[in-house]
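Biologist: I'd like to learn how to read a fold from coordinates. Could you walk me through one?

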Amino acid sequence: MNEFNAASDIAALIAQRLRCQACGRRFRPQDFSLVEAIPQWNVFALRCAMCLSQRLVIGVHAKGTIRAYATELDADEWKRYRRSPRIDTDDVVRIARMLKTYTDDFSDVLEDPILDEVDS
């Protein structure tokens, strides 16, 4: 089986289980486009034909099963961050230490209001 047939078969299986998060429409295999194929998993861009929302889904196939994982990244972000260096434990410790002494608010980096600001 070639790579394209395997990816289209995986897309068809995932489509049977997924609905659009915005409008609830069930996805069809033709709503999937392959972004990246690796031996153990495929990355698909989904586009809802009804509401035109888009999302990225990773189909992991192992031990005779296929699991779908949704991500908030779009296809361009996936391609950019896919090749970025991995986050390791030193990165997590460095951020935790930085947050202990951070005195500003996060409003400049968050799109949504902070919970306390919603009530005011």
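Biologist: Let's start with the strands: in which sense do strand 2 and strand 3 pair, and over how many bridges?

Modeller: Helices (H or I, at least four residues) and strands (E, at least two) are DSSP runs, numbered from the N terminus, and two strands pair if DSSP finds at least two bridges between them. Here strand 2 (residues 41-47) and strand 3 (residues 54-62) pair in the antiparallel sense, with seven bridges. As one example, asparagine 42 has glycine 59 in strand 3 as its bridge partner.

Before we go on: this is a predicted model, where local features need pLDDT of at least 70 and side-chain atom pairs count only at pLDDT 80 or more, while totals for chains, interfaces and linings use all residues. Residues are numbered from 1 along each chain as its sequence is written, and side-chain values use heavy atoms, with hydrogens and water left out.

Biologist: What is the strand order in the open sheet, and which strands are at its edges?

Modeller: The order is 1-2-3-4, four strands with antiparallel pairing. Strand 1 (32-38) and strand 4 (65-71) are the edge strands, each pairing on one side only. On average, neighbouring strands are turned by 25 degrees against each other, direction ignored; the axes are lines fitted to C-alpha atoms, for helices over the stretch in contact, and angles run from 0 to 180 degrees between N-to-C directions.

Biologist: And where does helix 2 lie?

Modeller: Contact means heavy atoms within 4.5 Å. Helix 2 (residues 75-82) lies across strand 1, strand 2 and strand 3, at about 10 degrees to strand 1. For the whole chain, the elements run α-β-β-β-β-α-α-α from the N terminus.

Biologist: Now the rings: how many aromatic pairs are there?

Modeller: Rings of Phe, Tyr and Trp (its six-membered ring) pair if their centres lie within 6.5 Å; planes under 30 degrees apart count as stacked, over 60 as edge-to-face and the rest as tilted. That rule gives three aromatic pairs. One of them is phenylalanine 32 with phenylalanine 44, edge-to-face at 5.5 Å centre to centre and 80 degrees between the planes. This pair links strand 1 to strand 2, 12 residues apart. Another is tryptophan 41 with tryptophan 78, also edge-to-face, at 5.9 Å and 85 degrees; it joins strand 2 to helix 2, 37 residues apart. Ring pairs also link Phe27, Phe32 and Phe44 into a cluster.

Biologist: Are tryptophan 41 and tryptophan 78 buried or exposed?

Modeller: Buried means under 20% relative accessible area, exposed over 50%, partly exposed in between (1.4 Å probe, protein chains only). Both tryptophan 41 and tryptophan 78 are buried, and phenylalanine 32 and phenylalanine 44 are buried too. Across the 120 residues, 22% are buried.
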